[in-house]
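This report describes a single protein chain, going from one residue to its surroundings and then to the fold as a whole. Please keep the sequence and the coordinates at hand while reading.

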Amino acid sequence: MKTNESNPLGSLDEWEDDLLRRYPQNAEQNGTQNGPSHQQDGKSFRNYAAEARSSVKEFYRLNHRYQTLDFVREKRKQYLSLDKRRMSIWEAMEYLNTLIDDSDPDIDLPQIEHLLQTAEAIRKAGRPRWYILTGLIHDLGKILCLWDEPQWAVVGDTFPVGCRFSERIVYSEAFDANPDSDVPQYQTDLGIYEENCGLDRVLMSWGHDEYLYHVVKDYLPPPSLYMIRYHSCYPIHHEGAYDYLLNDTDRELFRWVRDFNQYDLYTKRDERMDVAALRPFYQELISEYFPGEIRW
Ligand SMILES: [Fe+2]
Ligand SMILES: [Fe+2]
């Protein structure tokens, strides 16, 4: 993917690198991981925003401008019939790895290695096999980029649409340019939803999380599906926003989403992965949960 007007990031990793800057690992280890973080400290949040790369700011500007309720409905119609391809999980990993971008190959690891790093960190921590598998596959929804979706419709913090945009979303001022900001019905906390209706009834901004959730939802246990579906939802899992839309199941299962974040965000850039050597273990693990081919 080449950098252009609708794709300002040199690579998808640039968004995640910026997340690391927003949520440095030390802060996590000091115990802020289970609750709102930067919003309690407006100064550091402003400093973070001021120091972001211009490409990242432009990426968020596009994301906040174009992720409308109508856009989300349109993408769901386009993709959730899962009629684009049939392929195995491992084939999808190799397919994602064909994503070529403008990043520096000495700095950014191939996508398959991020998946393996995440999975290996979970494995080393002695977590259950379904959890390791979740780490392995959690970003496969990024194949949307290979189908010409712009970066802002694949990655970025996710958030509910059809209700008031929370100011706890990063660069929330950019929502002024979103056409949904002019729809009176969407300007209340609840918008088109009912109080504590549960996130399953809430339409989230479109991206790799929601797409992959629908691809794998028949095969994995509920905590795994929550991790996959909401791992980019920093406004909820890190900032504590939108509590009025959550039900008790969401609150219970978001503990897993927060737990998963340590492996997703903080395992990047460690040592290289020996893909060929790891493959037998992971093929076996995949076959415990998935048939040979699934619909994408
Ligand atoms: Fe992701
Ligand atoms: Fe990830």
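## Ile 228 and its contacts

Leaving aside neighbours within four places in sequence, Ile 228 is in contact with Thr 134, His 138, Asp 209, Leu 212, Tyr 213 and Val 216, where two residues are in contact if their C-beta atoms, placed from the backbone, lie within 7 Å. This is a predicted model, in which local features need pLDDT of at least 70 and side-chain atom pairs count only at pLDDT 80 or more, while totals for chains, interfaces and linings use all residues. Residues are numbered from 1 along each chain as its sequence is written, and chains are lettered from A and ligands numbered from 1 in the order in which they are written.

Ile 228 is found in helix α10; helices (H or I, at least four residues) and strands (E, at least two) are DSSP runs, numbered from the N terminus. Ile 228 is buried, with 27 other C-beta atoms within 10 Å, given that a residue counts as buried if 20 or more other C-beta atoms lie within 10 Å of its own, as exposed if 12 or fewer do, and as partly exposed in between, with C-beta atoms placed from the backbone. From Ile 228 to Asn 261, 33 residues apart in sequence, the C-alpha to C-alpha separation is 11 Å.

## The pair α9 and α10

Two packed helices are described by the angle between their axes and the distance between the axes. Helix α9 (residues 208-216) and helix α10 (residues 222-230) have axes that come within 7 Å and cross at roughly 150°, the axes being lines fitted to C-alpha atoms, for helices over the stretch in contact, with angles from 0 to 180 degrees between N-to-C directions. That makes α9 roughly antiparallel to α10, on a scale where angles under 35 degrees count as roughly parallel, over 145 as roughly antiparallel, 65 to 115 as roughly perpendicular and the rest as oblique.

On the α9 side the contact is made by Asp 209, Glu 210, Leu 212, Tyr 213 and Val 216, and on the α10 side by Leu 225, Ile 228, Arg 229 and Tyr 230. By class, this contact has 6 nonpolar, no polar and 3 charged residues, where Ala, Val, Leu, Ile, Met, Phe, Trp, Tyr, Cys and Pro count as nonpolar, Asp, Glu, Lys and Arg as charged, and the others, Gly among them, as polar.

## Enclosed helices

In α10, 8 of the 9 residues are buried, so this helix is largely enclosed by the rest of the structure. Its buried residues are Pro 223, Ser 224, Leu 225, Tyr 226, Met 227, Ile 228, Arg 229 and Tyr 230, and what covers them includes α8, α9, α11 and α12.

Helix α8 (residues 129-137) has 7 of its 9 residues buried, so it too is largely enclosed by the rest of the structure. Tyr 131, Ile 132, Leu 133, Thr 134, Gly 135, Leu 136 and Ile 137 are the buried residues of α8, and they pack against α6 (89-96), α7 (111-124), α9, α10, α12 (248-265) and α13 (275-289).

## Loop residues

Most residues other than glycine have a negative phi, and most peptide bonds are trans. Asn 196, in the loop between α8 and α9, has a positive phi of about 50° although it is not a glycine; Asn 196 is partly exposed, with 14 other C-beta atoms within 10 Å. Tyr 242, in the loop between α11 (234-237) and α12, has a positive phi of about 65° and is likewise not a glycine, but Tyr 242 counts as buried, with 22 C-beta neighbours inside 10 Å.

Ile 169 also lies in the loop between α8 and α9 and is buried, with 26 other C-beta atoms within 10 Å. Neighbours within four places in sequence aside, Ile 169 is in contact with Asp 157, Phe 159 and Pro 235.

## The chain as a whole

The secondary structure of the protein chain comes to 13 helices and 2 strands. Its radius of gyration, taken over C-alpha atoms, is 18 Å, close to the 19 Å that the globule rule gives for 296 residues, so the chain is as compact as a globular protein of that length; the rule is 2.2 Å times the number of residues to the power 0.38. Of the 296 residues, 41% count as buried.

The chain averages a pLDDT (the predictor's confidence in each residue, from 0 to 100) of 92, and 90% of the residues score at least 70. Over residues 29-36, however, pLDDT stays under 50, and the model has 8 contacts beyond four places in sequence for this stretch.
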